[in-house]
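Thank you all for coming. Please have a look at the structure on the screen, and then I will talk you through a few parts of it.

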Amino acid sequence: MENNRNFYITIVLSVLILGLWQYFYVLPRSERQAEATRIEEQRAAEQKKAAEAANPGGTTAPAAPSAIPNAPGTYVTTPEGRAQEVAKTARVKIDTPSLSGSINLTGGRLDDLKLKHYTETVDKTSPQIQLLNPQALPTGYYAEIGFVGSDTTGTVPGPETVWSVDGNATLTPATPVTLTFTNDKGLTFKRTISVDNDYMFTVSDAVQNSGSATVTLSNYGRVIRFDKPAVASSYVLHEGLIGVTGTEGLQEHKYADIEKNKLYTPSKSTDGWLGITDKYWAVTLVPTEKQPFQPHYAYYDNGRPRYQSDFLTDPITIAAGQSATVETEIFAGAKEVNKINAYAQDRQIRLFDRLIDWGWFIWITKPMFYLIDTLYKFFGNFGLAILATTVVVKTIFFPLANKSYASMANMKKVQPKMLEIREKYADDKMKQQQAMMELYKTEKINPLAGCWPVALQIPVFFSLYKVLYITIEMRHAPFFGWIQDLAAPDPTSIFNLFGLLPFAPPAFLPHMGAWAVVMGITMFLQMRMNPTPPDPTQAQIFTWMPVIFTFMMGSFPAGLVIYWAWNNTLSILQQGVIMKRQGAKIELWDNLAALFRKKPSPAE
């Protein structure tokens with residue numbers, strides 16, 4: 001049973017990898033999600049009470065190493081709600097098919113943005129996702145464009161500048177807005193803000209020098225965030241500061257890393273983008289003028305802790321009576337694959353598709369997404385698309401699997417000869433091995449053939465997990481029945497009989513839903529298609545493997561568990577047909593009957 005030995009070695013290694021992944025990353029994230037949300041709510045309440053008793057003056061932010069001016073205002077939580085905080089300053093309304101919110105005229109800051117198509121839970125009546133918020137809130141998060149001047153320029157637009165609206169006061173895809181600011185040195189700044197139907201803003205600043213002297217100033221942009229995602233981060237996904245600039249290319253700095261290192265300054269660049277990304281959402285800046293700029297990624301822990309991605313252009317010289325224009329695009333929205341790809345291609349944004357964390361195995365995760373997405377457009381349901389994807393994958397691997405199962409069937413037919421060799425050379429392992437190899441050669445059997453179907457399924461399994469976990473298209477995607485979110489674990493649990501008993505299982509119990517049980521049953525049946533190994537250790541692995549997988553897979557996304565169960569079912573059918581054609585006995589029914597057969601006692 002040499003092929004069984006290799007087969008089980010492959011299974012054990014697979015379980016070890018998946019088990020470590022599950023134990024250290026997936027399971028802790030699922031268990032802490034509710035706790036993290038509770039802690040966040042408690043923290044907000046405590047900050048609110050502290051703010052009511054504290055000095056409302058607060059402290060200000062330190063100067064950035066890039067010479068970008070400080071952000072004004074208090075760095076404490078205000079007792080007012082979000083709506084009251086937004087109402088404190090004059091604003092320009094934002095209303096697009098995808099976005100709603102406003103632009104703060106103080107600083108010209110984009111700090112009030114909601115995503116119309118996305119809600120916090122699967123309940124469509126739940127609140128819309130609030131992507132950007134005023135800085136005084138616990139969830140302060142905003143993007144800002146401004147200038148750095150000198151004594152000769154006078155006051156230039158920065159965090160404290162109050163812009164005036166020129167004409168239209170509502171930003172829509174069809175109606176840009178114009179803001180103006182004139183300083184005491186004869187510099188007039190005219191800012192035109194436009195937005196498309198999705199998530200891309202364009203900020204164009206025209207600077208007119210009406211004074212009598214040449215001036216020099218620099219343009220800056222920054223994304224600032226004061227909190228972190230409430231859900232614990234995952235090893236398989238990047239969340240934090242991100243960008244593609246200069247010769248370094250893609251740069252990713254997780255929150256924990258930037259907290260430790262404080263500042264990262266890559267080389268100057270003339271193209272690219274930078275910002276802050278979450279699992280499903282992102283805010284990034286895209287300088288478009290090909291003007292050299294210096295990017296920074298930073299964490300400030302004095303005053304109020306905050307994370308910042310920013311850029312500062314090289315000085316721009318404007319002679320008396322002349323003007324200059326600088327432009328920056330701001331992406332603020334959902335990381336929808338097709339729209340991100342369209343921005344990368346249509347606007348020539350270098351590697352903008354890497355805003356979605358496809359991982360090292362992008363060559364397989366991206367095609368996997370496109371396959372599922374294409375089938376979704378045909379079936380109209382991502383669950384059915386995953387089932388169809390399984391059929392496609394099985395079809396691609398069919399020739400190899402066919403040879404593998406055929407070889408396993410031949411192995412069963414020569415089992416009597418293998419047992420004879422084992423008995424004949426029981427005391428001489430070398431001769432036993434030589435005789436086995438000669439038997440394989442004579443019967444044209446590949447003892448490793450049984451490993452390949454399992455080995456090839458591992459990268460497919462991981463790529464599907466990655467797609468389910470990172471792509472927003474899978475978020476809140478329903479299947480049928482109780483599965484309303486394929487990217488989340490099965491909400492049912494065997495410990496309350498899948499909802500029949502009126503209580504929620506304790507958090508310390510492993511999560512194991514109905515689909516995990518179905519997956520375990522199909523795996524059990526698949527393994528029982530083969531004869532029980534004579535080696536006791538292998539037999540134990542043979543028996544307990546489905547149970548281990550059932551508990552382990554319970555906290556994985558429901559879509560992945562459904563895929564695995566359906567894949568096992570197809571494998572059972574495929575293996576049964578091939579074994580029948582090869583004339584090999586299908587051991588399933590005998591193995592199942594043996595489970596209920598009374599075992600003889602030692603005395604018998």
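Leu-351 sits in the loop between H4 and H5, where helices (H or I, at least four residues) and strands (E, at least two) are DSSP runs, numbered from the N terminus. Its phi is near 50°, a positive value in a residue other than glycine. With a relative accessible area of 36%, Leu-351 is partly exposed, and for these words the cut-offs are under 20% relative accessible area for buried, over 50% for exposed, and partly exposed in between, with a 1.4 Å probe and protein chains only.

Before I go on, please keep in mind that this is a predicted model, in which local features need pLDDT of at least 70 and side-chain atom pairs count only at pLDDT 80 or more, while totals for chains, interfaces and linings use all residues. Residues are numbered from 1 along each chain as its sequence is written, and side-chain values use heavy atoms, with hydrogens and water left out.

As for the protein as a whole, it has 14 helices and 20 strands, and of its 604 residues, 52% count as buried. If we take contact to mean heavy atoms within 4.5 Å, then residues 24 or more positions apart account for 67% of the contacts with a separation of 6 or more.

Helix H4, residues 337–346, and helix H5, residues 362–379, pack at an angle of about 120°, with their axes 12 Å apart; here axes are lines fitted to C-alpha atoms, for helices over the stretch in contact, and angles run from 0 to 180 degrees between N-to-C directions. H4 and H5 are therefore oblique to each other, since angles under 35 degrees count as roughly parallel, over 145 as roughly antiparallel, 65 to 115 as roughly perpendicular and the rest as oblique. On the H4 side the contact is made by Val-337, Asn-338 and Asn-341, and on the H5 side by Lys-366, Phe-369, Tyr-370, Asp-373 and Lys-377. Sorted by class, the residues of this contact are three nonpolar, two polar and three charged, where Ala, Val, Leu, Ile, Met, Phe, Trp, Tyr, Cys and Pro count as nonpolar, Asp, Glu, Lys and Arg as charged, and the others, Gly among them, as polar.

Staying in helix H5, we find Met-368, which is buried, with a relative accessible area of 7%. Which residues is Met-368 in contact with, leaving aside its neighbours within four places in sequence? They are Thr-389, Val-460, Ser-463, Leu-464 and Val-467. Of these, Ser-463 lies in helix H10, residues 451–470, and is buried as well, with a relative accessible area of 2%. Seen from Ser-463, and again leaving aside neighbours within four places in sequence, the contacts are Ile-364, Thr-365 and Met-368.

The axes of helix H6, residues 382–396, and helix H13, residues 558–581, come within 9 Å and cross at roughly 40°. H6 passes H13 in a right-handed crossing, a crossing being left-handed if the near helix is turned anticlockwise from the far one by less than a right angle, and right-handed if clockwise.

The contact of H11 with H13 has 11 nonpolar, six polar and no charged residues.

In the loop between H10 and helix H11, which covers 514–527, we find His-476. Phi of His-476 is near 60°, a positive value in a residue other than glycine, and His-476 is buried, with a relative accessible area of 16%.

My last stop is Gln-294, whose place is in strand S17, residues 293–300. Is Gln-294 buried or exposed? At 17% relative accessibility, Gln-294 counts as buried. A polar atom of its side chain lies 2.6 Å from the backbone oxygen of Pro-266. Leaving aside neighbours within four places in sequence, Gln-294 is in contact with Thr-265, Pro-266, Ser-267, Lys-268, Asp-310, Phe-311 and Leu-312.

Conventions:
Polar contact = N/O pair within 3.5 Å; in protein donor to acceptor, adjacent residues only side chain to side chain.
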